[in-house]
Amino acid sequence: MTSSFKGPKASRRQFLAGAAAIGAGAATGARAQTPDPLITEVQEWAQGLGEGVDATPYGMPIRFETDVVRRNVPWLTADPISSINFTPIHALDGTITPQGCAFERHHSGAIELSKDDYRLMINGLVDRPLVFTYADLERFPREQHVYFCECAANTGMEWAGAQLNGAQFTHGMIHNMEYTGVPLRTLLNEAGIQTEGKWVYVEGADASSNGRSIPMDKALDDVLVAFKANGEALRKEHGYPVRLVVPGWEGNMWVKWLRRIEVTTQAVESREETSKYTDTLADGTSRKWTWVMDAKSVVTSPSPQSPITHGPGPLVITGLAWSGHGKIKRVDVSTDGGKTWQQARLASEAGDKALSRFYLDINWDGSEMLLQSRAMDETGYVQPTKAQLREVRGLNSVYHNNCIQTWHVKSNGEAENVEVS
């Protein structure tokens with residue numbers, strides 16, 4: 001499809017070649033023909049020795065990247081103990097989220113539980129009620145999988161219109177990590193599931209327990225009892241030492257500090273699956289068991305926290321797409337508020353229930369843009385507009401908002417959250 005851009009269509013190679021011919025600084029607006037002291041003079045960092053290998057036994061980001069951190073919105077919740085913060089997705093690239101900046105959601109605060117004190121009970125409709133220590137779990141055959149975890153309330157504030165000005169705040173209740181653990185089916189088979197067992201009820205060791213019911217079909221499919229993320233131990237805020245991973249389903253079901261799994265005949269109907277995490281419709285009724293996170297995407301740059309600073313010329317538009325139903329098949333990008341679309345390039349083969357990175361490389365002429373992305377997954381499901389969602393679900397819900405997001409990119413490169421529904 002064609003772009004809405006006007007003006008000359010010089011190729012990226014031609015543009016960069018021209019910039020090189022008149023001076024390395026031309027493309028960025030710097031002095032093109034003046035010698036650059038950062039090149040012509042020996043700098044301080046090249047005049048002496050740097051730090052030794054033991055300066056930081058556990059490596060941390062360099063001080064120039066201290067702005068790439070999780071952030072919360074204080075007025076969203078009454079207290080940070082039962083609250084959420086947001087992944088800085090606008091400042092990341094690729095798909096794997098570092099644990100240190102992956103969003104947190106707590107219902108009664110992050111607890112400290114040691115491996116030695118850890119116990120996992122399986123009881124209920126099983127032949128052999130069992131209790132596992134952390135060391136016991138390590139003895140079972142383990143697997144590694146990359147999955148996204150998204151809070152059901154991600155983008156929830158946007159139901160009523162453009163609210164929060166930044167991709168971190170509109171879409172940052174998500175992370176994507178490589179989890180290592182034992183399939184839940186392995187532990188359930190060790191205990192022996194009785195014929196009447198159709199559900200499992202899982203609880204955490206924190207004060208809230210955050211109990212959730214999971215159908216047995218899902219429990220025996222791809223649910224993981226995980227004790228590592230991105231190759232290292234889980235962080236305290238992500239459920240150390242053991243958490244549940246429920247691929248493609250809302251983050252509230254990914255119970256942290258996992259302590260008990262009860263096999264039951266039916267759903268327990270706990271607080272977190274009745275009064276919370278259900279979608280109230282316009283007529284007052286609620287959608288039930290809306291576990292799967294539908295296909296969704298967002299442009300992370302340019303965006304309000306990642307403006308265009310280099311002026312007209314080659315521009316990389318990038319973002320993330322994901323689906324709880326499987327793999328992302330395609331992402332389209334619009335620069336004119338959805339009037340026309342161009343197919344973006346997926347950076348790598350899409351993973352199952354994992355984030356996909358997309359890119360669209362364009363030559364920006366400095367015109368204003370209404371920037372959008374639209375994801376399609378392998379089932380054929382296409383990410384809807386906000387108007388399409390509202391037509392079905394009204395305005396009462398704060399959960400499962402997977403609408404198309406719009407950034408208004410101004411001619412000076414700055415961007416803001418607007419609604420084009």
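Predicted model: local features only at pLDDT ≥ 70, side-chain atom pairs only at ≥ 80, totals over all residues.
The domain assignment divides the protein chain into domain 1 (71–287) and domain 2 (296–418). The C-alpha centres of domain 1 and domain 2 lie 26 Å apart, and the contact involves 45 residues from domain 1 and 39 residues from domain 2. Between them, domain 1 and domain 2 bury about 3500 Å², of which 54% is on carbon and sulfur atoms. His-90, Trp-159 and His-171 account for 23% of the area that domain 1 buries against domain 2, more than any other three residues.

Polar interactions also link the two domains. Four salt bridges are counted between domain 1 and domain 2, together with 24 residue pairs in polar contact, both residues being at pLDDT 80 or more. On the side of domain 1 that touches domain 2, the elements giving two or more residues are β3 (143–150), α4 (167–171), β4 and β11 (279–280). Of the contributions to this side, that of α4 is the most, with five residues. A salt bridge is also formed by the side chains of Arg-393 and Asp-279, with an N to O distance of 3.9 Å.

Strand β7 (residues 224–229) pairs with several other strands. Five bridges connect β7 to strand β4 (residues 174–183) in the antiparallel sense, with Val-182 opposite Val-225 of β7. Val-225 also stands opposite Leu-244 in strand β9 (residues 243–245), which is joined to β7 by three bridges and runs antiparallel to β7. Strand β8 (residues 232–233) is likewise antiparallel to β7, through two bridges, and Glu-232 of β8 is the bridge partner of Ala-229. β7 and β8 form a hairpin with two residues between them, and Asn-230 in the turn has a positive phi of about 55°. Five of the six residues of β7 are buried, so this strand is largely enclosed by the rest of the structure.

His-175 is located in strand β4 and is buried, with a relative accessible area of 1%. Beyond its neighbours within four places in sequence, the contacts of His-175 include Thr-87, Thr-97, Phe-103, Tyr-147, Cys-149, His-238 and Arg-243.

A further group of four strands forms an open sheet with antiparallel pairing, in the order β13-β14-β18-β17. The edge strands, β13 (296–301) and β17 (345–346), each pair on one side only. Five bridges join β13 to strand β14 (residues 313–322) in the antiparallel sense, and Ser-301 has Thr-318 of β14 as its bridge partner.

Terms used. Residues numbered from 1 in each chain as written. Heavy atoms only, no water. Buried < 20%, exposed > 50% of the residue type's maximum accessible area, 1.4 Å probe, protein only. Pairing = 2+ DSSP bridges. Contact = heavy atoms within 4.5 Å. Domains from an automatic or database assignment. Buried area = accessible area lost by both parts, 1.4 Å probe. Polar contact = N/O pair within 3.5 Å; in protein donor to acceptor, adjacent residues only side chain to side chain.
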